[in-house]
Amino acid sequence: MIGVLALQGNFDSHIKILKKINLKHKLVKTSDDLSYVDGLIIPGGESTTITNLLRKNHSLVDGINKLSKKKPILGSCAGLILMSKESNDLRVHNFAFLDVTTSRNAYGRQVHSFEAKINVKDGSISSDIDVLFIRAPKIDKINNGVEVLATFQEEVVAVRQGIHIGISCHPELLNETLLHEICFKGKHEIS
Amino acid sequence: MSKESFKVKVGLAEMLKGGVIMDVTNLEQAKIAEDAGAVSVMALERIPSDIRKDGGVARMSNPHMIKEIQDNVSIPVMAKCRIGHFAEAQILEALEVDFIDESEVLTTADEHAHVDKHPFKVPFVCGARNLGEALRRINEGAALIRTKGEAGSGNIVEAVRHMKMITSQIIELQDADLLEKAEEFRVPLALVKEVAKNQKLTVPNFAAGGIATPADASLMMQLGAETVFVGSGIFKSQDPSERAHAVVKAVTHFKSAKDVLTASYDLKDAMKGILMTDIPEDEKFSNRGD
């Protein structure tokens, strides 16, 4: 069963993806909700809003930190910013699960949001998937121990460090399951 | 506009789910809203309760005021255009606001047609009192629907009525003649079929119009809203920052009465509010646009 952080954001669309790949899900709003989960998704949304709600709940932050030692965590968009070690907005919480530097809204306002195909590469997998970039962040710098999982126009748009994955865009909004499968099902081959 | 670009518009609405969108009239309020955890701010010169009080023609806000807020907050900034006033919408798009609210709170510009929203790159949100209105707006290109409620009233009764109306009309589609419904609603059959099949609108469905307290926010979320707009409720109260924090918390934890209680505990007085019987029928914002 995979937890989906449901403080704010597009947790619905991640739940749809989990259903599609036959994984059970659980909404996570408090530290108690983290019991018995085998992984966690931190969805997109507004990173300042999610930070604000996390700061009111220290036990939830502690619980997520503890979970990260053993279970995979996947973050998209705002989720990536929260998972990164550093971001250009000091107001935003950084869990530091991924040793990367991110910048918020790096493509500009909503009129600059767009649909694209990104190339996912992992072992024998090389696959183009459809995604939306919605007021998306950019990964400016990746440090030691971080693997590139996907690129778009030579820019890094998805990374993995250990068991954790961060994505700057939204495959879940276009029903793409590949990155979720890699994170939670250990998918290494094209099925 | 292609189906793909419509998905990009709805994509932003998806990101705003489980949040609170707050009306703000200046930079100071916008910062209070952002610090309190608002997912977005609606920049407007006068909040609905003042528009109601002042009378006169209410138009799109001064672009300078909107720009100042855009330049100083990181969350999406929305702004309102008059119903049918596509030139105001074009200006707001040129300004790169993140969402345009084609709003009944402003004075109607076209009594016969709403803005054709398809050609725009900026997504639109529109108000609705019932399923027919919601589907007409979606068919015109709206990427997000909100209840009209009765803006500036501090009274939740109309938002409840509109949300329950939309929900029950969607359920009724299960046993209805869909062709008849499509004619009644004046929208394509395919749209009615999709809503009947999925038992939900094809775009997110938010609540607005009269939300003043954490309890109001929880009520609307429990009735099926996916996010709430709070207009006059926050900055017409005695403690805007505390109330803003409290409503944000109440929306996230809307199912936990204990959390909504904690959020409500230390708040001062909410805005006074107006009874619907005290608003003449021709002064109700929600009657504008169909």
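In chain B of this predicted model, 65% of the contacts between residues at least 6 apart in sequence join residues that are at least 24 apart. Chain B holds 13 helices and eight strands. With a radius of gyration of 18 Å, close to the 19 Å that the globule rule gives for 290 residues, chain B is as compact as a globular protein of that length. Along the principal axes, its C-alpha atoms fill a box of roughly 50 × 40 × 40 Å. Of the 290 residues in the chain, 56% count as buried.

Strand S2(B) covers residues 40-43 and pairs with two other strands, S1(B) and S3(B). Strand S1(B), residues 20-24, runs parallel to S2(B) and is joined to it by four bridges. Together with helix H2(B), residues 27-36, these two strands form a right-handed β-α-β unit. The pairing of S2(B) with strand S3(B), residues 77-82, is also parallel and involves three bridges.

Met42(B) takes part in both pairings: its bridge partner is Asp23(B) in one and Met78(B), in S3(B), in the other.

What of the side chains along this strand? In a regular strand, side chains alternate between the two faces of the sheet. In S2(B), Ser40(B) and Met42(B) point one way, whereas Val41(B) and Ala43(B) point the other way. Residues on either side of the strand are buried, and this holds for all four of them.

Technical notes:
Residues are numbered from 1 along each chain as its sequence is written. Chains are lettered from A and ligands numbered from 1 in the order in which they are written. This is a predicted model: local features need pLDDT of at least 70, side-chain atom pairs count only at pLDDT 80 or more; totals for chains, interfaces and linings use all residues. A residue is buried if 20 or more other C-beta atoms lie within 10 Å of its own, exposed if 12 or fewer, and partly exposed in between; C-beta atoms are placed from the backbone. Two strands pair if DSSP finds at least two bridges between them. A crossover is right-handed if, with the strands pointing away from the viewer, the path from the first strand over the helix to the second runs clockwise. The radius of gyration is taken over C-alpha atoms; the globule rule is 2.2 Å times the number of residues to the power 0.38. Two residues are in contact if their C-beta atoms, placed from the backbone, lie within 7 Å.
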